[in-house]
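This report looks at a metal site and its surroundings, and then at one further residue elsewhere in the chain.

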Amino acid sequence: MRLLHLGDVLGQSGRKAALDTLPMLRDRLSVDIAVVNVENSAHGFGVTAKICKEFYDAGADVLTTGNHIWDQREIIAYIDEDEKLLRPWNFPDGTPGKGDYVFKTRSGKKVCVVNMMGRLYMDPLACPFQGANKLFSKYRLGKNVDAMIIDFHAETTSEKMAFGHHCDGRASLVVGTHTHVPTADAQILPGGTGYQTDVGMCGDFDSVIGMKKENSIRKFLTKMPAGRFEPAEGTATVCGVFVETDDATGLAKRIEPVRIGGRLKGSWPSA
Ligand SMILES: [Fe+2]
Ligand SMILES: [Fe+2]
């Protein structure tokens, strides 16, 4: 199976690039499932129902998020109506929405998508490592699901790498999001799980993690409160990762970064 995951879509520039590119990516890579992290798609902060629809119309199958999920208040009432929009799985019991979803591809294959959040330098949450164990007792790769994608939304490279190894052999792909900068470590772990510490954002890289750089520099320089952070408006780079899995085991056969447009050097999976 062929899986595509795009990183955090940032503001209008990121949205435009991701929405324009997604149909071409689906087509050229013969993608079975496309997942997009939309936690910063509404002017940098959260996501709206209208934006979700735009992504579904462009070919996204499942949307993941992270710590910015509730920034647009309308999403609190909406999320229970849309089971393909995920929030972090390890939020407190009773939180609206869900953190896992089983998507059925056109060919009838089942792909479990999970949105999990890390804890280092993030809000206190239920343990993502124990959470993953619970999920793996329910979803067994190559048995009752054909593929499994885990978007691990976390700050530190160490927690992300540890989580990747923790899931190794039990998921098709563990992909990091949240830090917005793509890491150069896309690999297949020894047990067969595709892994990249951070997939990067769909956003303008002439910025500080997607936001206009001036406010950020001023804040670091002066330690005074900065104005409201605004998304950078230059042409975005679409950052994602492409994984091809073994149909029998659900494990990764190859993993390749995808980077298109904007300021970053391009990267395109070989045929
Ligand atoms: Fe983000
Ligand atoms: Fe985040």
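## Burial criterion and model

A residue is called buried when its relative accessible area is under 20%, and exposed when that area is over 50%. The structure to which this criterion is applied here is a predicted model.

The iron ion (ligand 2) is held by four residues, namely E39 through OE, N67 through OD1, H153 through NE2 and H178 through ND1, at 2.1 to 2.2 Å. Along the chain, these donors of the iron ion (ligand 2) are spaced according to the pattern E-x27-N-x85-H-x24-H.

The angles that the four donor atoms subtend around the iron ion (ligand 2) run from 86 to 142°; since a tetrahedral assignment would require all angles to lie between 85 and 135 degrees, the arrangement counts as irregular.

## The bridging residue and its partner

E39 bridges the iron ion (ligand 2) and the iron ion (ligand 1), and these two ions lie 3.5 Å apart. E39, in the loop between β2 (33-37) and α2 (49-58), and H153, in strand β6 (residues 147-153), form a pair that links distant parts of the chain, 114 residues apart.

E39 counts as buried because its relative accessibility is 1%, and H153 is likewise buried, with a relative accessible area of 0%.

## A residue on helix α4

Q130 belongs to helix α4, which covers residues 128-138, and Q130 counts as exposed because its relative accessibility is 55%. Between Q130 and H166, which are 36 residues apart along the chain, the separation of the C-alpha atoms is 9.9 Å.

Methods
Residues numbered from 1 in each chain as written. Chains lettered and ligands numbered in written order. Predicted model: local features only at pLDDT ≥ 70, side-chain atom pairs only at ≥ 80, totals over all residues. Heavy atoms only, no water. Donors = N, O, S within 2.8 Å, 3.2 Å for Na, K, Ca; no water. Tetrahedral: all angles 85-135°; square planar, octahedral: opposite > 155°, others 65-115°. Helix = DSSP H or I, 4+ residues; strand = E, 2+ residues; numbered from the N terminus. Buried < 20%, exposed > 50% of the residue type's maximum accessible area, 1.4 Å probe, protein only.
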